[in-house]
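Work through the exercises below with the structure at hand. Try each task before reading its solution.

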Amino acid sequence: GRDLIFPHHENEILQSVAHNGINPANYWLHNGMMTSDGKKLSKSLGNSIYVKDMLTRYSGEALKLFLNKGQYNQSQEFKADELQDAQTHWDNFVRGIPHYIFDSLDDNTYFEQSLNMLEDDFNTPQVINVLHEGFKQLRKSSSLNVAQDILKIFKLLAVVPSNATLETIYEKWINEAEKPSAEVINLVEKRQQA
């Protein structure tokens, strides 16, 4: 994290160079912090938000989309409504998969634009903006070509595995939709205990 640059990481570099005579790394990437009400989320402050808890309410894909909304080296404010928006966008994309149609609309450059943005200091917030443009186009056209371009961006951002297809994403989404939520499972367990 950025909060450890001085003195920890600078001293580690100094010690490594002094001991080994070589620089230990060519690149050091320091991430920003997730904040809530402007305060860093941390155990010591007692304001931690755990991924395991988030995954009971949101899909992993929505969580990854939300996290990609922030620049890696800047702090990002945790906002539940933005996470819910990410879930809605994900669900709308996947729900539409059976309805996307093959067409000649191949002039989209969403993936290419995304690559260019990532080459600019991993500018994932701009990639998310490109995704939103793709979502808008998809709502208008139901274009399979646009959907496949969006899927390539999801892979690029590690939202889905690199071997994912539209079909496997849809099957996984349907299977998860049929499972009871963690909240329902918890209520059933409490009822059985009572």
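## Salt bridges in a predicted model

This predicted model holds 8 salt bridges. Side chains of opposite charge can pair when their charged atoms come close.

**Exercise 1.** Find how far apart the N and O atoms are in the salt bridge of Lys52 and Asp53. Then decide how exposed each residue is.

*Solution.* 
- Step 1: The two side chains, Lys52 and Asp53, meet with N and O 4.0 Å apart.
- Step 2: Lys52 has a relative accessible area of 60%. Exposed means over 50%, so Lys52 is exposed.
- Step 3: Asp53 has a relative accessible area of 37%. That value lies between 20% and 50%, so Asp53 is partly exposed.

**Exercise 2.** Which residue forms a salt bridge with Lys172, and which helices hold the two partners?

*Solution.* 
- Step 1: The partner is Glu61; the closest N and O atoms are 2.8 Å apart.
- Step 2: Lys172 sits in helix H8 (residues 166-178), and Glu61 in helix H3 (residues 60-68). The pair links distant parts of the chain, 111 residues apart.
- Step 3: Lys172 is partly exposed, at 39% relative accessible area.
- Step 4: Glu61 has 10% relative accessibility. Buried means under 20%, so Glu61 is buried.
- Step 5: Now look for shared partners. Salt bridges join Glu61, Lys172 and Glu176 into one network.

Terms used: Residues are numbered from 1 along each chain as its sequence is written. This is a predicted model: local features need pLDDT of at least 70, side-chain atom pairs count only at pLDDT 80 or more; totals for chains, interfaces and linings use all residues. Side-chain values use heavy atoms; hydrogens and water are left out. Buried means under 20% relative accessible area, exposed over 50%, partly exposed in between (1.4 Å probe, protein chains only). Helices (H or I, at least four residues) and strands (E, at least two) are DSSP runs, numbered from the N terminus.
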